[in-house]
Each structure stands twice: as C-alpha cells, then as structure tokens.
Amino acid sequence: MRQVIVVDDEPSICLAITRALRNLPVEVTTFTDPEQALEQIAAKPNVFLIISDLSMPKMDGLIFLTKAREVLPKAFRVLLTATGSSALALECMESGLLHRYVAKPWDNARLRNAVMSLLNQ
C-alpha cells in the first residue's frame, strides 16, 4: 500500500478524505497540525502523496507543501483550495510545487480519480 498524508486543520475534512480514498490501494494518515505532519514525513521517507489544505491557521498550505518538498521531493503534492483560489493553485502547478489541486467542495469520484492518476504515474 502507498502512504498518503492528509493535512487539514478541520478533522471532519481529514475524515471525509479518508473515507473518499478508503477503497484505493493507499494507507491514509491524517494530521490537523502541519508541523506534526512534517515530522512524520521526515520519519517516513516512503510517503507517496501529500494532500494539504491551503488555508490553515498554524501554517499556510503552500508553505507546508514547500517544506514537505524540501524533505521529500519525490512525493506527489495536492492542494485543497476554496473555489476562488484556483488561479493561485494553477500558478503553483506551473512552478512545480503542486501536481494537482482539488477545489472545495470536492467530488469524491474526482478526488479518487486524481489520486489514481498519480498512483499510475
């Protein structure tokens, strides 16, 4: 099973993403604290995918994903964004920081398809 880290300050979002991905060949670990997630990423270099919310109180999602990329550059990175943040997410994809972005509220089938697409790369 491939390791997936989900970071969102809202536990209900973490739970919803875990449920959405439950039938995929992935093991999901969730964090509401980006600093704790970075510690886990450093300790587990086999993390395949990191999914992060953009807007979090302790650390902005883009800062978190930048730090995660420094620790684990080969992991895929997906950003969860509010609807109005898609232009920023596209810029980040072009720069190589992100591999995908998912707009909130997301469609579970689209989220699963995005993860499956990354699994197949």
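A residue is called buried here when its relative accessible area is under 20%, exposed when that area is over 50%, and partly exposed in between, with a 1.4 Å probe and protein chains only. The model is a predicted one, in which local features need pLDDT of at least 70, side-chain atom pairs count only at pLDDT 80 or more, and totals for chains, interfaces and linings use all residues. Residues are numbered from 1 along each chain as its sequence is written, and side-chain values use heavy atoms, with hydrogens and water left out.

The protein contains five helices and five strands; helices (H or I, at least four residues) and strands (E, at least two) are DSSP runs, numbered from the N terminus. Their order from the N terminus is β-α-β-α-β-α-β-α-β-α. Of the 121 residues, 45% are buried.

Strand S4 (residues 76–81) is largely enclosed by the rest of the structure, because six of its six residues are buried. Phe76, Val78 and Leu80 point one way from S4, while Arg77, Leu79 and Thr81 point the other way.

S4 has a parallel partner in strand S3 (residues 47–53), with five bridges between them; two strands pair if DSSP finds at least two bridges between them. Within this pairing, Ile51 stands opposite Val78. The chain passes from S3 through helix H3 (residues 61–71) to S4 in a right-handed β-α-β crossover, that is, with the strands pointing away from the viewer, the path from the first strand over the helix to the second runs clockwise. S4 also pairs with strand S5 (residues 100–103) in the parallel sense, over four bridges. There, Thr81 has Ala103 as its bridge partner.

The next topic is the nonpolar core, a set of buried Ala, Val, Leu, Ile, Met, Phe, Trp, Tyr and Cys residues joined through side-chain atoms within 4.5 Å. The largest has 21 residues, and Ile17, Leu21, Leu49, Ile51, Leu111 and Val115 have the most contacts inside it. Two or more residues of this core come from each of strand S1 (2–7), helix H1 (11–20), S3, S4 and helix H5 (108–119). Leaving aside residues up to four places away in sequence, Ile17 touches Val6, Ile51, Leu80, Trp106 and Leu111, where contact means heavy atoms within 4.5 Å.

In the loop between S5 and H5 lies Pro105. The peptide bond that joins Lys104 to Pro105 is cis, with omega near -10 degrees.
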